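Please keep the structure open while reading.

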Amino acid sequence: MFTFEPGLIIWTLVSFFILLILLKKVAFPPILKGMKKREETIKQQLEEAQKTKKEAENLLGDYKRQLAEARSEAQKIINEGKSLGENMRKEIVQKAQEESNQIVKRAQEEIELQKQKAILELQEKIADLSIMAATKIINKCLNTEDNRRLVEEYVSKVGDRYGK
């Protein structure tokens, strides 16, 4: 199977070296040139990826900072809203208190006015009743003007003593 043939070995070596020289002159330069170009392209892409990564990190930092500012601003707005709401609540409570005080004051004034009217009406009725009683007892009729004056004096004395 394996036999040693020196002619075949020499022709194989000559063919090999010729092929090697041809490859070195014709094929290897474009292959090496393509590999070098590919190496430069990969190196350039790596540099661009590094730049892009740095830019992305910077943008991420900016976005985080802006997000923190937005959260801070939102918290500030919420706090201002709470403060404003509390102030409005206090104002409403104060106005309601003032209005209720005014209503109570008006009611007290109305009560006092009605009390005075009731006292006057009561005095008039007492005067009329007193005149009628005195007329029946004495059976003597004084004139109406004198009767009224006497009763009013009496009622005012009674009012001074008990009513006021």
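A salt bridge here is a side-chain nitrogen of Lys or Arg within 4 Å of a carboxyl oxygen of Asp or Glu. Glu86 and Arg89 meet this definition, with their side chains at 2.6 Å, N to O. The model is predicted, and side-chain atom pairs count only at pLDDT 80 or more. By the salt-bridge rule the count comes to 3.

**Salt bridges**

- Side chains of opposite charge can pair when their charged atoms come close.
- Both Glu86 and Arg89 lie in helix H1, where they are 3 residues apart, about one turn of the helix.
- Salt bridges that share partners also join Asp62, Arg65 and Glu69 into one network.
- Glu86 has a relative accessible area of 32% and is therefore partly exposed.
- Arg89, at 44% relative accessibility, also counts as partly exposed.
- In the bridge between Asp62 and Arg65, the closest N and O atoms are 3.9 Å apart.
- Asp62 and Arg65 are separated by about one helical turn because they are 3 residues apart in helix H1.
- The side chains of Glu69 and Arg65 meet at 3.1 Å, N to O, in a salt bridge.
- Glu69 and Arg65 are 4 residues apart in helix H1, so about one helical turn separates them.
- Asp62 is partly exposed, since its relative accessibility is 35%.
- Arg65 has a relative accessible area of 41%, which makes this residue partly exposed.
- Glu69 is partly exposed as well, at a relative accessible area of 45%.

**Overall dimensions and fold**

- The secondary structure of the protein chain consists of 2 helices and 0 strands.
- Helix H1 covers residues 6–138, and helix H2 covers residues 144–163.
- How does the radius of gyration of the protein chain compare with that of a compact globule of 164 residues? The chain has 61 Å, whereas such a globule would have a value near 15 Å.
- The C-alpha trace spans about 185 × 35 × 20 Å along the principal axes of the chain.
- Of the 164 residues, 4% count as buried, which here means under 20% relative accessible area.
- The accessible surface of the protein chain comes to about 15400 Å². Carbon and sulfur atoms account for 62% of that surface.

**Charge**

- The protein chain carries 30 positive and 26 negative side chains.
- The centres of the positive and negative sets lie 8 Å apart.

**Surface patches**

- A nonpolar patch on the surface has about 1200 Å² of accessible area in total. Its members include Phe4, Ile9, Leu13, Phe16, Leu23, Ile31, Leu32 and Met35.
- Leu32, a member of the nonpolar patch, is placed in helix H1.
- Leu32 counts as exposed because its relative accessibility is 55% and the cut-off for exposed is over 50%.
- Glu121, Glu124, Glu145 and Glu152 form a negative surface patch. The elements that give two or more residues to this negative patch are H1 and helix H2.
- Glu145 lies in helix H2.
- At 60% relative accessibility, Glu145 counts as exposed.

**Single positions and distances**

- Glu5 sits in the segment before helix H1.
- Is Glu5 buried, exposed or partly exposed? With a relative accessible area of 43%, Glu5 is partly exposed.
- Glu5 and Ala68 are 63 residues apart in sequence. Their C-alpha atoms are 85 Å apart in space.
- Asp146 is in helix H2.
- Asp146 counts as partly exposed, because its relative accessibility is 29%.
- Thr135 and Asp146 are 11 residues apart along the chain, and 12 Å separates their C-alpha atoms.

Key:
Residues are numbered from 1 along each chain as its sequence is written. This is a predicted model: local features need pLDDT of at least 70, side-chain atom pairs count only at pLDDT 80 or more; totals for chains, interfaces and linings use all residues. Side-chain values use heavy atoms; hydrogens and water are left out. Buried means under 20% relative accessible area, exposed over 50%, partly exposed in between (1.4 Å probe, protein chains only). Patches are made of residues with over 30% relative accessible area and no salt bridge: like charges are joined within 9 Å, nonpolar side chains (Val, Leu, Ile, Met, Phe, Trp, Tyr) within 5 Å. Accessible areas come from the Shrake-Rupley method with a 1.4 Å probe; for residues, only the protein chains shown count as cover. The radius of gyration is taken over C-alpha atoms; the globule rule is 2.2 Å times the number of residues to the power 0.38. Lys and Arg count as positive and Asp and Glu as negative; His and the chain ends are not counted. The place of a charge is taken as NZ of Lys, CZ of Arg, CG of Asp or CD of Glu.
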